[in-house]
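Let's take a friendly walk through this structure together. Please have the sequence and the 3D view open as you read.

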Amino acid sequence: MINALLAVAFLLQAPQRTIAIDERLAADAHLSVGDRVVLSAIPESSRGDTVVISAIVKRGTDPAEVARSEFRIRLHLDHLQSIAGYGDRVDRFAVATPSDAATEKALAEINSAAFGFEAHRSKDIAVGTSKTFQVVSRFHKAIGVITIVASAIFLLCIMLLKVEERRRDVAALRLIGISQRTVMRAVVIEAALLALVGSALGVGAGWVGSQFVNWYYRGVYRTPLAFSIVTPSIITLAVALSLVLGIAAGILASLRLVRTPPLVLFGR
Amino acid sequence: MPFALAWTSLRRHGTRTLLAMLGVAVAAAMLLDMVMMSTGMRESFRSLLLSRGFQLRLAPKGTLPFDTDATMSNTGGMVRVLRANPNFTAVSPVLGGTIHIPRGDRVITSSALGLDPRVQGDYEMLSGRDPLAANEMVANDELIRALGVRMGDTLRVAGGYDPQTREYSLTRRLVLTGRVRFLYGASHQRAAAMQLGTLQKMSGPDKADASSLFMIRVREGSSVDSATRWIRERIFTVNVISTESALNQVDERLRYFRQLAVILGSVSLFVGFLLVTTLVTVSVNERIGEIAVMRAIGVSRVHVVMQIVLEGVAISLVGAFAGLLLGLVTGRYLNSILSSFPGLPEAIDFFLFQPKAAWTALGLLALSGIAAGVYPAFRASSLPIATTLRQEAIA
């Protein structure tokens, strides 16, 4: 009889609610799957729901969250509604669609028919929430422009020094009949080669730097977000820019050289 | 003599010297900006936090002020407890919320603060007066412009909006009594302030006695740490945030920019150093014969070293002075980009000019100029005189 009552009580007992926590919370609070914790919407409250941790999840790659050191837990919807006293309300619905066309159709239908709702494309929301990164990106571009100006001056200086170092060689070439055009072409080709090899080394250094940045900031912010990505378009831009700057510096430096009479170059 | 010789040498290759100074100027501008950024954010935030003399802030447990929508209940009781401490000269509870103001066929939505106007530390008055009555409000220029209203106008202001029925609720008629600037407001953010009780009523029954933040001014000479402990022993549901801990939190969030400042500052310094070293080394190589002659006629090694080091320092210092001016311009531009950071108070300056920053940048560049001249100077001073003269004669 007692056994039968216990069996009924066991069957009537509400199943233990489960939650999922993010890996940062698990690491900081030394929690693991199967642990029991008490959840409450009121800080320091002695009352709350005892729940079981059923999963530890990776953090999402949301740029808006990157600098926030918040912990995240996932509950069943009805459980959170009950704990937070939120009734039968939700903040948003996520709707999966099979294609872009279906997305547009759903968007139009919801916005025209559903009273009190507004539907947004996920990518539009992503743009809105990544404003922090847009600001950082604009800042990086501005820093990039300053760096390019500094590099251009540096390159011009080096080219000027290189051709001036060879004043006597060039004078000799001119005196044995090599044309101004050929001398200039040789200097420009040398400058272009220098810029090309330099940019190739720069791309390599940039790639290593990018790996380091991602490794470091992923550790600091404990997120899988990629902070730095080296794309083909970035490589193309960097190489093209250094080639243009190198050739321009070569032309300017060689013009100075070929316009000077050979005997003056010799120091006579 | 070393000054005259250094000057002559720099003038001999005018274009080269000018380009090197330009290069150093850009590097110096970047260095100044990075020094300003690494120290400016913290100082700017500190002066903002202390601008109205409030050293302590209380936020709901586990949050920072206005970081989430969480609020503290029993505001009246907390105010009574806090005001019982004779070392607290002002206790200012604040509630944050959203208001909707219908204007013709459109509705202007704005953030709103409910506060005690007699002890508030959130805005400074530009014109008009504080909202001393329950049916009064003040607003910033962005909101006044969006509403197209004047001082003294009465507005219908709603605290709630039901998206299901598209109806506004908890509506009050408020008179605009003042034009203000919110100290912690983000750029282009529309904002208004009214009495705490008014916003509590407009925010619904669950916010009837709620607040988002308390600001506390501690009596001069009293310990902020003791005040923090006193609060923690009496009120358990709040985070007690001192100016220092708030600065540490901000440091934590903006750590990326500090690190970037250190990296870019170091790279700028290195580029400037490399440029000056290259230039002075090439210049010395070109003048090996001259230097050997100088040494042969009795000019001392110290003089040769001084002349070459002076060349490096002159390029660095002239470039650095030009760079400091350039750095102020670029710093202002970069600041305008970063000040549009979402949620960051408009009054925060990432690039705050401090004389110390300028002196640091100048000092570092002068040091790098000296360092840049060391290798070529050593090379020039240790030339074998006879051999060099013979080689030059053959060449």
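## A loop residue in chain B

In this predicted model, Asn85(B) sits in the loop that joins α3 (75-83) to β2 (88-103) of chain B. Is Asn85(B) buried, exposed or partly exposed? Asn85(B) has 17 other C-beta atoms within 10 Å, so it counts as partly exposed; a buried residue would need 20 or more, and an exposed one 12 or fewer.

## Where chain B touches chain A

Now for the interface. On the chain B side, 32 residues are in contact with 23 residues of chain A. The elements of chain B that each supply two or more residues to this side are α2 (14-49), α8 (255-286) and α10 (301-338). Of these, α2(B) gives the most, with nine residues.

Sorted by class, the chain B side has 20 nonpolar, eight polar and four charged residues.

## A helix pair in chain A

Over in chain A, have a look at helix α6 (residues 131-165) and helix α9 (residues 232-258): their axes come within 9 Å and cross at roughly 40°. The crossing of α6(A) past α9(A) is right-handed.

Which residues meet here? From α6(A) they include Ile148(A), Leu155(A), Met159(A) and Val163(A), while those from α9(A) include Leu241(A), Gly246(A), Ala249(A) and Leu257(A). By class, this contact has 13 nonpolar and four polar residues, with no charged ones.

Note on methods: Residues numbered from 1 in each chain as written. Chains lettered and ligands numbered in written order. Predicted model: local features only at pLDDT ≥ 70, side-chain atom pairs only at ≥ 80, totals over all residues. Contact = placed C-beta atoms within 7 Å. Helix = DSSP H or I, 4+ residues; strand = E, 2+ residues; numbered from the N terminus. Nonpolar A, V, L, I, M, F, W, Y, C, P; charged D, E, K, R; others polar. Axes fitted to C-alpha atoms, helices over the stretch in contact; angles between N-to-C directions. Left-handed = near helix turned anticlockwise from the far one by under 90°.
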